[in-house]
Amino acid sequence: MPRIEPPVTPLAEPYWEATRPEEPVAQRCGSCDGFVWYPREACPHCLSADLRWEPLAGTGTIYTFNVMRKPGNPMMGDEVPYVVGLVDLDEGIRMTTNIVGADPSSLRCDQRVAVDWSEELSDGRRLPVFRPADD
Ligand SMILES: [Zn+2]
C-alpha cells in the first residue's frame, strides 16, 4: 500500500522545498524572535505576521515516544514495529515525527537525536525523521 504523502500548501511550500536539499527550516518571528512550528500565518507567541524561514540545526531530544506494534494505518503494515515520537528541537519547537535507525527498546526520553533524510516522497521531497545521535 503506498504511503499517504503530506500535501504541499502555499503556506508550507518553503518548508517542503527545503527538504529537497535536506535543509531543515522553520518559521521564526521577526517581532519576538520565537521559532514557530508548524507553518502558520501569524506567530503563536505574539500574533505578529512578520514570519520568515530560518535554518535549523536538525538536532534535538526525544520528549516522548510510542512503539507502534500494530500499524496505526494499513500503509504502515510492513513497518511494524515503528516509533512515533515527539522531538524537542534545539531551537525550542516540538515536532511529531518518526524515530528510526535503532531498536525501539533501546530508545529513551531525553535521548539526543538528529534529522534523517532517508524517507523520499514520490515528488522528490523528503520526510524528515530522526535517529539517535552520537553526541
Ligand atoms: Zn512572535
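Start by selecting Arg-3, Met-76, Glu-79, Pro-81, Tyr-82, Val-83, Asn-98, Ile-99, Val-100, Ala-102, Pro-104 and Glu-119: together they line the second largest pocket. A pocket here is an open set of points on a 1 Å grid over the protein atoms alone, with protein on both sides within 12 Å along at least five of seven lines, and lining residues have an atom within 4 Å of a point. The space inside is about 150 Å³, where a volume is the space filled by probe spheres set on the points, and grid points are joined across faces, edges and corners. Colour by class and you get 8 nonpolar, 1 polar and 3 charged residues around this second largest pocket. For that colouring, Ala, Val, Leu, Ile, Met, Phe, Trp, Tyr, Cys and Pro are nonpolar, Asp, Glu, Lys and Arg are charged, and the others, Gly among them, are polar. Strand E5 (82-89) and strand E6 each put at least two residues into the lining; strands (E, at least two residues) and helices (H or I, at least four) are DSSP runs, numbered from the N terminus.

Before moving on, keep in mind that this is a predicted model, in which local features need pLDDT of at least 70, side-chain atom pairs count only at pLDDT 80 or more, and totals for chains, interfaces and linings use all residues. Residues are numbered from 1 along each chain as its sequence is written, and side-chain values use heavy atoms, with hydrogens and water left out.

Next, the largest pocket, with a volume of about 490 Å³. Of its 21 lining residues, select Pro-6, Trp-16, Thr-96, Thr-97 and Leu-127, the closest to the centre. H1, strand E6 (94-99) and E8 are the elements that give two or more residues to this lining, and E6 has the largest share, with 4 residues. By class, the lining of the largest pocket splits into 16 nonpolar, 3 polar and 2 charged.

What kind of aromatic pair do Tyr-15 and Trp-16 form? The structure holds 2 aromatic pairs, and this one is edge-to-face, at 5.0 Å centre to centre with 75° between the planes. Rings of Phe, Tyr and Trp (its six-membered ring) pair if their centres lie within 6.5 Å; planes under 30 degrees apart are stacked, over 60 edge-to-face and the rest tilted. Tyr-15 is buried at 7% relative accessibility, and Trp-16 is buried at 8%. (Buried is under 20% relative accessible area, exposed over 50%, partly exposed in between, with a 1.4 Å probe and protein chains only.)

Now bring in Trp-37. Its ring centre lies 5.0 Å from that of Tyr-15, with the planes at 55°, so this pair is tilted. Tyr-15 is in helix H1 (residues 13-19) and Trp-37 in the loop between strand E2 (35-36) and strand E3 (51-55), so the pair links parts of the chain 22 residues apart. Trp-37 is partly exposed, at 21%. Show Tyr-15, Trp-16 and Trp-37 together and you have a cluster linked by ring pairs.

A cavity is a set of grid points where a 1.4 Å probe fits but cannot get out.

Between E7 and E8, in the loop, pick Arg-125. Is Arg-125 buried or exposed? It is buried, with a relative accessible area of 3%. Its side chain reaches the backbone oxygen of Pro-6 at 2.8 Å and makes a polar contact with the side chain of Asp-123 (2.8 Å). A polar contact is a pair of N or O atoms within 3.5 Å; within protein, one must be able to donate a hydrogen and the other to accept it, and residues adjacent in sequence count only if both atoms are side-chain atoms.

Last stop: Arg-94, in strand E6. Arg-94 lies over the face of Tyr-63, at 3.5 Å from the ring centre, and is partly exposed at 42%.

Key:
A charge sits over a ring if NZ of Lys or CZ of Arg is within 6 Å of the ring centre and within 35 degrees of the ring normal.
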